[in-house]
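I opened the model and kept notes as I went. The entries follow in the order I looked things up.

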Amino acid sequence: MMSYPENQSEKTICGGFHDQEQNKSVACMEDQVGGNLWDIFELLQIDVDCESSRDQVASNKDLCSRNVLRKQRHWEKIVSAKKSKRKLERERRKAKHAEEKDSAPQFSKRELKVIAKEHLLNAKETGPWLCIDLSMTSHMTKKEISRLATQIRRLYGSNKKSQRPFWLYLTGFVENSPISEACLRMNDGFANYLMDVTPETYLDLFPLETIVYLTPDAENALEEVDPQKVYILGGLVDESIQKRLTLHKAQEEHLQTARLPIQEYMVKNINAKNYHSTTLAINQVFDALSVFYVTKSWEKALKAAVSPGKGYILRDATL
């Protein structure tokens, strides 16, 4: 049976259409499967990334924890060392106190006050006498006057503790003046200090021949502390360094002058930073006088009074 070309072509075309439809279906299935696979891969990748992030966070937490523990252990060591040091210091003080208790007679606070008072009153009768000249406060600022009041307190405290105290005078001490107000404000119990306080000058109180004005600018060095003399300290705190002020004052009043023998027993410290001064605070000058009066040694006296900041050391210390 003969087939017609029209039917063949129609069959071919129909077959082609069928094949195309089938191919499209396959392609669609592949696209669907491919898309699903990529989604699965992406989900797996997210899971992997999440796991990695969680591991990193956990690692960071572990690192932070180790750092915290390390710092905590370091701090605990510091605290422990401080506690041990304080304990050793307490034991050392107890041992020292026990030694002193065994070697020296023990007095109550009341008894010590009575003894100190007796020593001071005895110095008033037998000397030596020390006078602080407060007539130069007009040359000082409010800050300098406050510092002078502090130095007076320290001087008085050192004198009370001394084995051989001086009797103290404050001359030129005018009521309601800046220096009197500073002393009352800054020094507890100042009104009860065992000393003579007067608005008069030392020239009104003592014979001229008994007065020795101590000034760092004097030519003569002090050799002895004579109980029959009255030693004058210029109550001057001078941050602007008004040179030779106390020396000129003493010369105008025709007074004997002297200085501490710093230059005779001490030398300039070569390690000091170009700063050397023989000008001391009044409490430091008094400490030198007080130690010398007890020990008769200028080396000990100057070592106790001249601070390293002044740029001087004892001659023996350089050997």
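**Helix α2.** I started with the length of α2, residues 109–126, in this predicted model. At 1.5 Å a residue, its 18 residues should span 26 Å. The end C-alpha atoms are 26 Å apart, so the span agrees with expectation.

Next I asked which residues of α2 are buried. I found Ala116, Leu120 and Ala123. They cover an arc of only 55 degrees around the axis, which means they sit on the same side of α2. I then turned to the other side of α2, where Arg110, Glu118 and Glu125 are exposed.

What do the buried residues of α2 pack against? I noted β1 (129–133), α3 (142–161) and β2 (167–171). I also looked just past the end of α2. There, glycine 127 takes a positive phi of about 85 degrees.

**Cysteines.** Cysteine 131 has 0% relative accessibility, so I count it as buried; the cut-off is under 20%. Cysteine 183 is also at 0% relative accessibility and therefore counts as buried. I then checked for disulfides, taking sulfur atoms within 2.5 Å as the rule. The count comes to zero.

**Nonpolar core.** How many residues does the largest nonpolar core have? I read 61. Leu130, Leu214, Leu260 and Leu289 have the most contacts inside this core. Helix α8, residues 282–295, gives the core its largest share, with seven residues.

**Strand β4.** I moved on to β4, residues 211–214. Ile211 and Tyr213 point one way from this strand. Val212 and Leu214 point the other way. In a regular strand the side chains alternate between the two faces of the sheet. Are these four β4 residues buried or exposed? I noted that all are buried.

Which strands pair with β4? β5, residues 230–234, pairs with β4 in the parallel sense over four bridges. β6, residues 256–258, also runs parallel to β4, and three bridges join the two strands. In β6, the bridge partner of valine 212 is glutamine 256.

**Cross-check.** Leu214, buried in β4, is among the core residues with the most contacts.

Terms used:
Residues are numbered from 1 along each chain as its sequence is written. This is a predicted model: local features need pLDDT of at least 70, side-chain atom pairs count only at pLDDT 80 or more; totals for chains, interfaces and linings use all residues. Side-chain values use heavy atoms; hydrogens and water are left out. The expected span of a helix is 1.5 Å times one less than its number of residues. Buried means under 20% relative accessible area, exposed over 50%, partly exposed in between (1.4 Å probe, protein chains only). The arc is that of the directions from the helix axis to the C-beta atoms. Contact means heavy atoms within 4.5 Å. A nonpolar core is a set of buried Ala, Val, Leu, Ile, Met, Phe, Trp, Tyr and Cys residues joined through side-chain atoms within 4.5 Å. Two strands pair if DSSP finds at least two bridges between them.
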